[in-house]
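Please load the model in your viewer and keep the selection tool at hand.

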Amino acid sequence: MYTGLKHLHSGLRYVVLLLLIIAIITAISRLIGKQPYTEGNRKLNLFTLISAHIQLLVGLGLYALSSLVTFSDMGTVMKTANLRYWTVEHITMMVIAIVLITVGHSKAKKAVVATAKHKSIAIFYTLALVFILAAILMAVNKGFITFWGV
Ligand code: HEM
(Lines give C-alpha, C1' and ligand atoms only; values in the text may rest on other atoms or scores of the structure.)
Protein backbone atom coordinates (compact mmCIF):
# COMPACT_ATOMS: atom_id res chain seq x y z
CA MET A 1 0.00 0.00 0.00
CA TYR A 2 2.73 2.46 1.05
CA THR A 3 4.94 1.61 -1.94
CA GLY A 4 2.01 1.84 -4.37
CA LEU A 5 0.92 5.23 -3.03
CA LYS A 6 4.52 6.48 -3.10
CA HIS A 7 4.94 5.53 -6.76
CA LEU A 8 1.59 7.09 -7.62
CA HIS A 9 2.42 10.28 -5.72
CA SER A 10 5.89 10.42 -7.26
CA GLY A 11 4.51 10.00 -10.81
CA LEU A 12 1.59 12.39 -10.31
CA ARG A 13 4.06 15.22 -9.68
CA TYR A 14 4.79 15.30 -13.43
CA VAL A 15 1.08 15.42 -14.32
CA VAL A 16 0.45 18.29 -11.88
CA LEU A 17 3.57 20.21 -12.98
CA LEU A 18 2.88 19.74 -16.70
CA LEU A 19 -0.79 20.75 -16.49
CA LEU A 20 0.10 23.72 -14.27
CA ILE A 21 2.76 24.97 -16.71
CA ILE A 22 0.48 24.55 -19.75
CA ALA A 23 -2.42 26.31 -17.92
CA ILE A 24 -0.16 29.23 -16.92
CA ILE A 25 1.32 29.70 -20.41
CA THR A 26 -2.17 29.50 -21.95
CA ALA A 27 -3.64 32.00 -19.46
CA ILE A 28 -0.79 34.52 -19.88
CA SER A 29 -0.76 34.34 -23.68
CA ARG A 30 -4.56 34.67 -23.93
CA LEU A 31 -4.54 37.52 -21.40
CA ILE A 32 -1.91 39.42 -23.41
CA GLY A 33 -3.72 38.66 -26.68
CA LYS A 34 -7.08 39.68 -25.11
CA GLN A 35 -8.53 36.39 -26.35
CA PRO A 36 -11.77 34.77 -25.14
CA TYR A 37 -11.99 32.20 -22.34
CA THR A 38 -12.91 29.05 -24.22
CA GLU A 39 -14.41 25.74 -23.12
CA GLY A 40 -10.93 24.28 -23.73
CA ASN A 41 -9.39 26.81 -21.34
CA ARG A 42 -12.02 25.98 -18.71
CA LYS A 43 -11.33 22.25 -19.04
CA LEU A 44 -7.55 22.68 -18.88
CA ASN A 45 -7.83 24.73 -15.68
CA LEU A 46 -10.33 22.26 -14.21
CA PHE A 47 -8.13 19.21 -14.97
CA THR A 48 -5.18 21.03 -13.37
CA LEU A 49 -7.29 21.58 -10.23
CA ILE A 50 -8.43 17.94 -10.21
CA SER A 51 -4.86 16.62 -10.60
CA ALA A 52 -3.76 18.77 -7.65
CA HIS A 53 -6.66 17.52 -5.52
CA ILE A 54 -5.88 13.88 -6.37
CA GLN A 55 -2.25 14.56 -5.41
CA LEU A 56 -3.52 16.00 -2.11
CA LEU A 57 -5.55 12.84 -1.38
CA VAL A 58 -2.67 10.50 -2.25
CA GLY A 59 -0.35 12.75 -0.20
CA LEU A 60 -2.67 12.49 2.81
CA GLY A 61 -2.58 8.69 2.49
CA LEU A 62 1.21 8.75 2.39
CA TYR A 63 1.26 11.16 5.31
CA ALA A 64 -0.63 8.59 7.39
CA LEU A 65 1.59 5.67 6.31
CA SER A 66 5.11 7.08 5.92
CA SER A 67 7.72 6.30 8.54
CA LEU A 68 9.24 9.71 7.75
CA VAL A 69 6.15 11.36 9.23
CA THR A 70 6.03 11.17 13.01
CA PHE A 71 4.69 13.21 15.91
CA SER A 72 6.08 11.04 18.71
CA ASP A 73 8.93 13.40 19.60
CA MET A 74 8.53 16.79 17.94
CA GLY A 75 11.81 18.03 19.45
CA THR A 76 13.73 15.36 17.52
CA VAL A 77 11.55 15.80 14.41
CA MET A 78 12.35 19.52 14.23
CA LYS A 79 16.07 18.84 14.71
CA THR A 80 16.21 16.07 12.07
CA ALA A 81 16.20 17.49 8.52
CA ASN A 82 14.36 14.69 6.69
CA LEU A 83 11.75 14.11 9.42
CA ARG A 84 11.12 17.88 9.62
CA TYR A 85 10.84 18.14 5.84
CA TRP A 86 8.31 15.31 5.36
CA THR A 87 6.36 15.90 8.59
CA VAL A 88 6.12 19.70 8.46
CA GLU A 89 7.63 21.51 5.47
CA HIS A 90 6.41 19.39 2.52
CA ILE A 91 2.77 19.25 3.60
CA THR A 92 2.68 22.96 4.52
CA MET A 93 4.10 24.20 1.21
CA MET A 94 2.07 21.76 -0.90
CA VAL A 95 -1.21 22.51 0.89
CA ILE A 96 -0.59 26.26 0.38
CA ALA A 97 0.00 25.54 -3.34
CA ILE A 98 -3.20 23.49 -3.64
CA VAL A 99 -5.21 26.18 -1.82
CA LEU A 100 -3.83 28.77 -4.29
CA ILE A 101 -4.89 26.59 -7.24
CA THR A 102 -8.36 26.17 -5.71
CA VAL A 103 -8.77 29.91 -5.07
CA GLY A 104 -7.51 30.80 -8.57
CA HIS A 105 -9.88 28.33 -10.17
CA SER A 106 -12.85 29.53 -8.14
CA LYS A 107 -12.11 33.22 -8.90
CA ALA A 108 -11.80 32.40 -12.61
CA LYS A 109 -15.13 30.59 -12.47
CA LYS A 110 -16.87 33.52 -10.78
CA ALA A 111 -15.32 36.23 -12.99
CA VAL A 112 -17.52 37.45 -15.82
CA VAL A 113 -15.07 38.84 -18.37
CA ALA A 114 -12.44 36.69 -20.11
CA THR A 115 -9.46 38.86 -19.09
CA ALA A 116 -10.39 38.55 -15.41
CA LYS A 117 -10.65 34.75 -15.77
CA HIS A 118 -7.25 34.45 -17.51
CA LYS A 119 -5.70 36.86 -14.98
CA SER A 120 -6.89 34.85 -12.00
CA ILE A 121 -5.45 31.63 -13.44
CA ALA A 122 -2.19 33.37 -14.45
CA ILE A 123 -1.62 34.83 -10.97
CA PHE A 124 -2.79 32.04 -8.65
CA TYR A 125 -1.50 29.08 -10.67
CA THR A 126 1.92 30.79 -11.02
CA LEU A 127 2.10 31.36 -7.25
CA ALA A 128 1.17 27.69 -6.72
CA LEU A 129 3.89 26.59 -9.17
CA VAL A 130 6.45 28.62 -7.21
CA PHE A 131 5.49 26.85 -3.96
CA ILE A 132 5.53 23.38 -5.57
CA LEU A 133 8.89 23.91 -7.27
CA ALA A 134 10.35 25.41 -4.08
CA ALA A 135 9.18 22.39 -2.04
CA ILE A 136 10.54 19.90 -4.58
CA LEU A 137 13.85 21.77 -4.97
CA MET A 138 14.19 21.92 -1.19
CA ALA A 139 13.95 18.10 -1.04
CA VAL A 140 16.34 17.74 -3.99
CA ASN A 141 18.80 20.17 -2.41
CA LYS A 142 18.77 18.26 0.87
CA GLY A 143 19.32 15.00 -1.05
CA PHE A 144 15.97 13.36 -0.12
CA ILE A 145 14.84 12.90 -3.74
CA THR A 146 16.14 13.60 -7.25
CA PHE A 147 14.25 16.05 -9.46
CA TRP A 148 13.45 13.60 -12.27
CA GLY A 149 12.59 10.52 -10.18
CA VAL A 150 13.33 8.60 -7.04
C1 HEM B 1 1.11 19.22 -5.77
C2 HEM B 1 1.37 18.71 -4.61
C3 HEM B 1 2.46 17.72 -4.31
C4 HEM B 1 3.55 17.34 -5.04
C5 HEM B 1 3.99 17.84 -6.41
C6 HEM B 1 4.27 16.37 -4.24
C7 HEM B 1 5.44 15.75 -4.61
C8 HEM B 1 6.09 14.79 -3.88
C9 HEM B 1 7.28 14.12 -4.29
C10 HEM B 1 8.01 14.36 -5.59
C11 HEM B 1 7.61 13.24 -3.32
C12 HEM B 1 8.79 12.27 -3.31
C13 HEM B 1 8.28 10.94 -3.73
C14 HEM B 1 9.37 9.93 -3.81
O15 HEM B 1 10.15 9.77 -2.85
O16 HEM B 1 9.43 9.28 -4.84
C17 HEM B 1 6.63 13.35 -2.28
C18 HEM B 1 6.62 12.63 -1.12
C19 HEM B 1 5.71 12.76 -0.10
N20 HEM B 1 4.60 13.57 -0.11
FE21 HEM B 1 4.10 14.88 -1.57
N22 HEM B 1 3.59 16.18 -3.05
C23 HEM B 1 2.50 16.99 -3.05
C24 HEM B 1 1.56 17.12 -2.07
C25 HEM B 1 1.59 16.45 -0.88
C26 HEM B 1 0.65 16.64 0.20
C27 HEM B 1 -0.48 17.65 0.18
C28 HEM B 1 1.01 15.77 1.20
C29 HEM B 1 0.40 15.51 2.53
C30 HEM B 1 -0.85 15.69 2.78
C31 HEM B 1 2.17 15.03 0.76
C32 HEM B 1 2.80 14.07 1.47
C33 HEM B 1 3.95 13.42 1.09
C34 HEM B 1 4.68 12.46 1.91
C35 HEM B 1 4.31 12.03 3.33
C36 HEM B 1 5.79 12.05 1.18
C37 HEM B 1 6.95 11.16 1.64
C38 HEM B 1 6.70 9.71 1.46
C39 HEM B 1 7.88 8.91 1.95
O40 HEM B 1 8.98 9.01 1.35
O41 HEM B 1 7.69 8.18 2.92
N42 HEM B 1 2.49 15.47 -0.51
N43 HEM B 1 5.72 14.30 -2.63
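Is the crossing of α2 and α4 left-handed or right-handed? Keep that question in mind while we find our way around; we will come back to it at the second stop.

**Stop 1: the whole protein**

Show everything as a cartoon. Please note that this is a predicted model. You will find five helices and zero strands, and reading along the sequence gives the pattern α-α-α-α-α. Taken along the principal axes, the C-alpha atoms fill a box of roughly 55 × 30 × 25 Å.

**Stop 2: α2 and α4**

Select residues 39–65 for helix α2 and residues 81–110 for helix α4. Two packed helices are described by the angle between their axes and the distance between the axes. For α2 and α4, the angle is about 155° and the axes are 10 Å apart. Angles over 145 degrees count as roughly antiparallel, and α2 and α4 are therefore roughly antiparallel to each other. Now for the opening question: the crossing of α2 and α4 is left-handed.

Next, show the side chains where the two helices touch. From α2, pick N45, L46, L49, A52, H53, L56 and Y63. They meet W86, T87, I91, V95, I98, I101, T102 and H105 of α4. Colour this contact by class and you get ten nonpolar and five polar residues, with no charged ones.

**Stop 3: α1 and α5**

Now select 2–32 for α1 and 114–141 for α5. The axes of these two helices, α1 and α5, come within 8 Å and cross at roughly 145°. The crossing of α1 and α5 is left-handed. On the α1 side, the contact residues include R13, V16, L17, L20 and I21; on the α5 side, T115, H118, K119, I121 and A122 are among them. By class, the contact of α1 with α5 has 17 nonpolar, three polar and three charged residues.

**Stop 4: α4 and α5**

Keep α5 on screen and bring α4 back. Their axes come within 7 Å and cross at roughly 170°. As a result of that angle, α4 and α5 are therefore roughly antiparallel to each other. The contact of α4 with α5 has 21 nonpolar, three polar and four charged residues.

**Stop 5: the cavity**

How many cavities of 30 Å³ or more does the structure hold? There is one, and about 40 Å³ of space lies in the largest cavity. To find the largest cavity, select its lining: A23, T26, A27, Y37, N41, L44, N45, H118 and I121. Helices α1, α2 and α5 each supply at least two residues of this lining. Five of the lining residues are nonpolar and four are polar, while none is charged.

N45 was part of the contact between α2 and α4, and H118 and I121 of α5 took part in the contact with α1.

**Stop 6: the largest pocket**

The largest pocket has a volume of about 740 Å³. It is lined by 29 residues, and the closest to its centre are H9, Q55, L62, W86 and H90. Two or more lining residues come from each of α1, α2, α4 and α5. Which helix gives the largest share of the lining? That is α4, with eight residues. By class, the lining of the largest pocket has 21 nonpolar, six polar and two charged residues.

Technical notes
Residues numbered from 1 in each chain as written. Predicted model: local features only at pLDDT ≥ 70, side-chain atom pairs only at ≥ 80, totals over all residues. Heavy atoms only, no water. Axes fitted to C-alpha atoms, helices over the stretch in contact; angles between N-to-C directions. Helix = DSSP H or I, 4+ residues; strand = E, 2+ residues; numbered from the N terminus. Parallel < 35°, antiparallel > 145°, perpendicular 65-115°, else oblique. Left-handed = near helix turned anticlockwise from the far one by under 90°. Contact = heavy atoms within 4.5 Å. Nonpolar A, V, L, I, M, F, W, Y, C, P; charged D, E, K, R; others polar. 1 Å grid on protein atoms, 1.4 Å probe; cavity = no way out; pocket = protein on both sides within 12 Å on 5 of 7 lines; lining within 4 Å. Points joined across faces, edges and corners; volume = space filled by probe spheres on them.
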